[in-house]
Amino acid sequence: MSLELEKQKWRNFFRQALKDPQNKNDRVLKDLNQSLSLFLKQQSGFWGAFKALPNSDQAISLSTQLQWAYPRVDKNLLKYHEVKSFVEGPWKIQEPDLQSPEVKLNDLMGLLIPGLGFSKAGHRLGRGKGFFDYTLQDY
């Protein structure tokens with residue numbers, strides 16, 4: 001399936017979910033998780049993920065056949081690492097420890113990125129200091 005068709009599929013999914021007055025957040029989350037899981041099962045290689053903020057749910061079940069790299073804050077940027085173990089970072093978010101080897105951004109096949117909302121143009125509304133935006137501006 002082409003990237004454009006995949007995008008259209010997601011757009012249709014969210015449009016339909018928003019039209020349903022009986023829709024509950026847990027149902028949308030379950031459907032999103034299921035669709036994302038099916039998509040990720042077709043992928044390979046290293047993918048970037050994230051740990052949820054404290055007091056937030058980690059809503060996504062990550063595929064076990066993929067290799068996952070997680071970000072660690074380095075100045076105003078995020079650097080992704082294959083995790084040996086997690087430690088609490090400066091923003092109270094679990095990050096890879098200092099012994100975890102770095103995975104270059106260009107070596108990631110894709111990224112899961114948190115957001116409060118996304119525009120039709122792909123602009124992201126986050127809740128932090130713009131780390132993902134700064135990191136990905138030239139990606």
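**Figure 1. Pairing of β1 and β7.** Strand β1 (residues 46-48) pairs with β7 in the parallel sense over two bridges; strands are DSSP runs of E with at least two residues, helices are runs of H or I with at least four, and both are numbered from the N terminus. Two strands count as paired if DSSP finds at least two bridges between them. Tryptophan 47 stands opposite glycine 110 in β7. The model is predicted: local features need pLDDT of at least 70, side-chain atom pairs count only at pLDDT 80 or more, and totals for chains, interfaces and linings use all residues. Residues are numbered from 1 along each chain as its sequence is written, and side-chain values use heavy atoms, with hydrogens and water left out.

**Figure 2. The five-stranded open sheet.** The strand order is β6-β3-β2-β1-β7, with mixed pairing. At the edges are β6 (102-103) and β7 (110-111), each of which pairs on one side only. The chain has three helices and nine strands.

**Figure 3. Aromatic pair of phenylalanine 39 and tryptophan 47.** Rings of Phe, Tyr and Trp (its six-membered ring) pair if their centres lie within 6.5 Å; planes under 30 degrees apart count as stacked, over 60 as edge-to-face and the rest as tilted. The whole structure holds three aromatic pairs. Phenylalanine 39 and tryptophan 47 form an edge-to-face pair, 6.1 Å centre to centre with 80° between the planes. Tryptophan 47 is buried at 6% relative accessibility, while phenylalanine 39 is partly exposed at 24% (buried is under 20% relative accessible area, exposed over 50%, partly exposed in between, with a 1.4 Å probe and protein chains only).

**Figure 4. Aromatic pair of tryptophan 91 and phenylalanine 131.** The ring centres of tryptophan 91 and phenylalanine 131 are 5.9 Å apart and the planes are at 55°, so the pair is tilted. The pair links distant parts of the chain, 40 residues apart: tryptophan 91 is in the loop between β4 and β5, and phenylalanine 131 is in helix α3 (residues 131-136). Tryptophan 91 is partly exposed at 42% relative accessibility; phenylalanine 131 is buried at 13%.

**Figure 5. Lysine 51 over two rings.** Lysine 51 lies over the face of phenylalanine 86, at 4.5 Å from the ring centre, and over the face of tyrosine 70, at 5.9 Å. A charge sits over a ring if NZ of Lys or CZ of Arg is within 6 Å of the ring centre and within 35 degrees of the ring normal.

**Figure 6. Two lysines with positive phi.** Lysine 75, in the loop between β2 (67-74) and β3 (77-82), has a positive phi of about 60° although it is not a glycine. Lysine 75 is exposed at 74% relative accessibility. Lysine 92, in the loop between β4 (86-88) and β5 (94-96), has a positive phi near 70°.
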